[in-house]
Amino acid sequence: MFFSDKHAGMGELADTLADDAYTEGRSLWRDARRRFMQHRAAVASLVVLALLLLFAAFGQYLSPWDNESIDWASLPNLDEDGVPSLASQHYFGLDPIGRDLYQRIVQGSRISLMVGVLGALTAVIIGTLYGAISGYVGGRTDAMMMRTLEVLSAFPFMFLVIVLMAVFGRNVLLIFVAIGAVSWLNMARIVRGQTLSLKRKEYIEAAMAVGVHPFLIVLRHIVPNVLGVVIVYATLLVPEMILFESFISFLGLGVSEPYTSWGALISEGADAMWTAPWTLIFPMLMLVLTLFCFNFLGDGLRDALDPKDR
Amino acid sequence: MSEQQPLLAVENLQVTFDIMPRNAWPWTRPRKLRAVNNVSFTLNEGETLGIVGESGCGKSTLARAIMGMVPSQAGKVVWLGEDLRGLNLKQLRKRRQRLQMVFQDPLASLSPRMTVGDIIAEPLRTHYPDIKGTELREKVDAIMDRVGLHSHQKNRYPHEFSGGQCQRVGIARALILEPKLIICDEPVSALDVSVQAQVINLLKNLQREMGLSLIFIAHDLSVVKHISDRVMVLYLGNVVENAPRAELYAAPQHPYTQALMAAVPIPDPGRERAKPPAELDGDLPSPLDPPSGCVFRTRCPWATEYCSKEVPVLEDKTGAGHWVACHYVEKKGK
């Protein structure tokens, strides 16, 4: 038959080509990585964030002080002895009660970054699954799940935090719980919207026709296809969570002494900004730097993952 | 009809959609859209049924209703002696091993984040989770080879393939479970003509080798002519004619089929110009508000008052399996 002859010829051509060229597929993720690498600001942000992470993890070994003991020798004359200096090894100076600010920032970074990343992670896991299931199943289930979501998001959140703090005392874990409880709500909405548009795609229908279990359709076909949007949103969520924790700490509801976080440090620094400006400047710089980096990163990821939307 | 038990017998299948009018209150009664109305046909093993009709006439809905992907409101879908409509989703998923589908848009029907190999293997993984590793790979390679793809391409992603190749992937996915029936929902409409021929020849060869039955949906009469044993013409969700291929193309009985035939372009400019213009005017009436009596009467050159009162029944007009739904065929037909 004409067609099969022609096909055999083409097959040989394809074979010879295949010998030279790689047969590995070029996935959409790989394309996205290449595009991301061309986005300079995003790559730089990624490097800065990696350094920040290293700082939070190992920064404490660079200084002989620790985050809770008071430098009694410098305490009587804080305005002069407490300034940042390499000689006294108080790189970032002392805080208003004579503790080493560098060590406190290292420790605060740990809490703040953890809150940010954990909040975003909760949002990604719970929000994605909740939204995808709600959107995919549709009908009454969808309506119920979405109304539940609305009730949750209508709940006065600060009130919840205050009650939690009053009942269980100030505890880092509670902050995680509180932040986890709100962070996924918007994510679930976004994913549901995406799922609704994906649901009518032919490849989802094809999976249904094959007889794939609905839950597997959600996991295998819907989640990977909404993941692009989810990742972008998650990177933008991290700074939001950090700010949120800072806000709680600024109000005095956050982590308790001797632990601290960026928000708590900024709060302390703001009180002492006229006599000891460095107590405000250093934690603020850390916070601003992190927020900038995450936002640039999110920007770069969006450009890389949705090349059509530029 | 033949004595053997048909592979698939559809009896008076009816699919209605609820359409909510704009700005409706939650308690407003939805309007009913009859997408498929009293459709009946039988399909024997190894046979190909072509389904043609204008866009929006319910071809795709019919296909999805047979698969059980769209809920149907009345009638029967008898598959190997068992009514699929009575089954729950779990049982239905099991039956789908033998009942597969190929879709219209070749690229859109493949998940963009999965490799072609994974896409083809998915049905096998779903229904036979024990098949793993080398055995799975061998099966995928074998089926790719069969549809004319190279097995070393299986780590590639759908966007790296052409439309025709993507459709081959879709066919491979449908074939890997060795089904008895494949429903092809306009499998070649999105492809260009030379690739259409390749895909159709591939389907024909596969049908011969594997003893497949096909339901082949298209809006292109010449494509259907090439592949079908029987052809069914749909208009606004109703069957207007169902006849053996040769007979339908030689002597179309229903005025709608005749108009469709007349509208097929002839690949010869001189003859095309000499051809009388198609006699059908007007648009497809809204399925939300179908005409009373015969649905075709608003555009039919033969329509009389009687047509608006009485619904024509699908009858075997020649006694040789040529089913037509028209009051006037016996009088005017040849």
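**Exercise 1. The contact between the chains**

How many residues of chain B are in contact with how many residues of chain A?

Solution. This is a predicted model: local features need pLDDT of at least 70, side-chain atom pairs count only at pLDDT 80 or more, and totals for chains, interfaces and linings use all residues. Residues are numbered from 1 along each chain as its sequence is written, and chains are lettered from A and ligands numbered from 1 in the order in which they are written.

Step 1. Take the cut-off: two residues are in contact if their C-beta atoms, placed from the backbone, lie within 7 Å. By that rule, 31 residues of chain B are in contact with 25 residues of chain A.

Step 2. Find the elements. Strand 6 (99–102), helix 3 (116–127) and helix 6 (193–210) of chain B each give two or more residues to the side that touches chain A. Helices (H or I, at least four residues) and strands (E, at least two) are DSSP runs, numbered from the N terminus. Helix 3 of chain B gives the most, with 4 residues.

Step 3. The side of chain B that touches chain A holds 10 nonpolar, 14 polar and 7 charged residues. Here Ala, Val, Leu, Ile, Met, Phe, Trp, Tyr, Cys and Pro count as nonpolar, Asp, Glu, Lys and Arg as charged, and the others, Gly among them, as polar.

**Exercise 2. A helix of chain A**

Explain why helix 9 (residues 202–210) of chain A counts as largely enclosed.

Step 1. Count. In helix 9 of chain A, 8 of the 9 residues are buried, so the rest of the structure largely encloses this helix. Among the buried residues are A:E202, A:Y203 and A:I204.

Step 2. Identify the cover. From chain A it includes helix 8 (172–199) and helix 10 (214–250). From chain B it includes helix 1, strand 6 and helix 3.

Step 3. Look just past the end. There A:G211 takes a positive phi of about 100°.

**Exercise 3. Strand 6 of chain B**

Describe the side chains and the pairing of strand 6 of chain B.

Solution. Step 1. B:L99 and B:M101 point one way, B:Q100 and B:V102 the other way, and all are buried.

Step 1. Strand 6 pairs with strand 7 (residues 181–185) of chain B in the parallel sense, over 4 bridges. Two strands pair if DSSP finds at least two bridges between them. B:L99 stands opposite B:L181 in strand 7.

**Exercise 4. An open sheet in chain B**

Work out the strand order of the open sheet of 4 strands in chain B, and what packs on it.

Solution. Step 1. The order is 2-1-4-5, with antiparallel pairing. Strand 2 (31–43) and strand 5 (82–83) are the edge strands, each pairing on one side only.

Step 1. Strand 1 (residues 8–19) and strand 4 (residues 74–79) of chain B run antiparallel, joined by 5 bridges. One residue pair is B:A9 with B:V78 of strand 4.

Step 2. Helix 1 (residues 59–67) of chain B packs on the sheet and touches strand 1, strand 2 and strand 4. Its direction makes about 70° with that of strand 2. Axes are lines fitted to C-alpha atoms, for helices over the stretch in contact, and angles run from 0 to 180 degrees between N-to-C directions.

Key. A residue is buried if 20 or more other C-beta atoms lie within 10 Å of its own, exposed if 12 or fewer, and partly exposed in between; C-beta atoms are placed from the backbone.
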